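Subject: Structure handover

Dear colleague,

I am passing on the structure below, followed by notes on what was found in it. Please read the notes with the structure open.

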Amino acid sequence: LQDRGDGTYRIRSGHRRVTAARLAGLTRVPAIVWPEGAETFDSAVDTWLENLHRKDLSPLERGEMLTLLMKRFELPRSAETASRLGLSKTSFYRYLALKDAPPDVKKALTDGVLGIAQAERIAGIQATDVRATLIQAAKEGVPAKRIDDALEGHRAGGVISRDLLKAGVRSKANGRKGGGHEPDMTWARAKVRELGQSVGLS
């Protein structure tokens with residue numbers, strides 16, 4: 001609670017807990033009272049920390065809130081800021097990266113096609129067609145590890161083949177058949193062909 005200095009108080013954080021207490025018929029609840037004139041920054045951080053743990057907030061919404069908070073108080077992108085806001089360095093930079101992610105990556109994240117970590121990695125790709133292939137691969141059920149390997153190969157100067165999408169179709173088919181199937185070697189064969197071409201054996 002924030003002491004207003006006139007005998008009344010303002011709820012700084014914990015609105016849902018107060019609502020629940022009222023619904024339960026409680027007339028008294030334990031609370032921390034901040035003195036009159038407490039810094040606005042502290043109040044903003046309290047609100048941020050409460051919202052950070054709301055399950056109904058998406059990663060993009062958290063990134064938006066974080067960006068607004070940093071802009072309002074001119075906070076730097078640093079490990080110290082992450083610590084002050086109750087975040088690990090990884091989560092801190094990930095939320096900021098997703099805030100600036102391309103629209104296609106944001107949509108895939110919102111739709112549940114991509115996870116947070118994978119969305120962050122794909123967001124760093126400038127080529128729209130490459131991003132589209134990777135996102136489509138995720139939609140087709142291509143294993144995340146295979147998509148990550150393709151992404152790393154692209155960063156190393158390799159080409160992402162449309163065969164990556166076919167792997168998703170096979171993965172779904174194999175899943176319907178059950179166990180006992182041979183491993184899919186298409187990816188390995190493609191790599192062998194690429195290697196052969198690079199040394200003049202094609």
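Predicted model: local features only at pLDDT ≥ 70, side-chain atom pairs only at ≥ 80, totals over all residues.

Overall layout

Read from the N terminus, the order of elements is β-β-α-α-α-α-α-α-α-α-α-α-α. The chain has 202 residues, and buried residues make up 31% of them. Of the contacts between residues at least 6 apart in sequence, 54% join residues at least 24 apart.

Helices H7 and H9

Two packed helices are described by the angle between their axes and the distance between the axes. For helix H7 (residues 116–123) and H9, the axes come within 11 Å and cross at roughly 20°. Angles under 35 degrees count as roughly parallel, so H7 is roughly parallel to H9. The crossing of H7 past H9 is left-handed.

Which residues make the contact? On the H7 side they are Gln118, Arg121 and Ile122, and on the H9 side Ala144, Ile147, Asp148, Leu151 and Arg155. By class, the residues of this contact of H7 with H9 comprise 4 nonpolar, 1 polar and 3 charged.

Glu152 is also found in helix H9. Between Glu152 and Arg121 there are 9.6 Å in space, C-alpha to C-alpha, and the two are 31 residues apart in sequence.

Salt bridges

Side chains of opposite charge can pair when their charged atoms come close. The cut-off used is a side-chain nitrogen of Lys or Arg within 4 Å of a carboxyl oxygen of Asp or Glu, and by this rule the count comes to 8 salt bridges.

The side chains of Glu152 and Arg155 form a salt bridge, at 3.2 Å from N to O. Buried means under 20% relative accessible area and exposed over 50%, with partly exposed in between. Glu152 is therefore partly exposed, at 43%, and Arg155 is likewise partly exposed, at 48%.

Which parts of the chain does the pair Glu64 and Lys99 link? The salt bridge itself has its closest N and O atoms 3.8 Å apart. This pair links distant parts of the chain, with Glu64 in helix H3 (residues 59–72) and Lys99 in helix H5 (residues 89–99), 35 residues apart. Glu64 has a relative accessible area of 35%, so it counts as partly exposed. Lys99 is at 22% relative accessibility and therefore also counts as partly exposed.

Lys107 forms a salt bridge with Asp111, and here the closest N and O atoms are 2.7 Å apart. Is Lys107 buried or exposed? Lys107 is exposed, because its relative accessible area is 53%. Asp111, with a relative accessible area of 47%, is partly exposed.

To recap, the points to look at in the viewer are the left-handed crossing of H7 past H9, the salt bridge of Glu152 with Arg155, the link from Glu64 in H3 to Lys99 in H5, and the pair Lys107 and Asp111.

Regards

Note on methods: Residues numbered from 1 in each chain as written. Heavy atoms only, no water. Helix = DSSP H or I, 4+ residues; strand = E, 2+ residues; numbered from the N terminus. Buried < 20%, exposed > 50% of the residue type's maximum accessible area, 1.4 Å probe, protein only. Axes fitted to C-alpha atoms, helices over the stretch in contact; angles between N-to-C directions. Parallel < 35°, antiparallel > 145°, perpendicular 65-115°, else oblique. Left-handed = near helix turned anticlockwise from the far one by under 90°. Contact = heavy atoms within 4.5 Å. Nonpolar A, V, L, I, M, F, W, Y, C, P; charged D, E, K, R; others polar.
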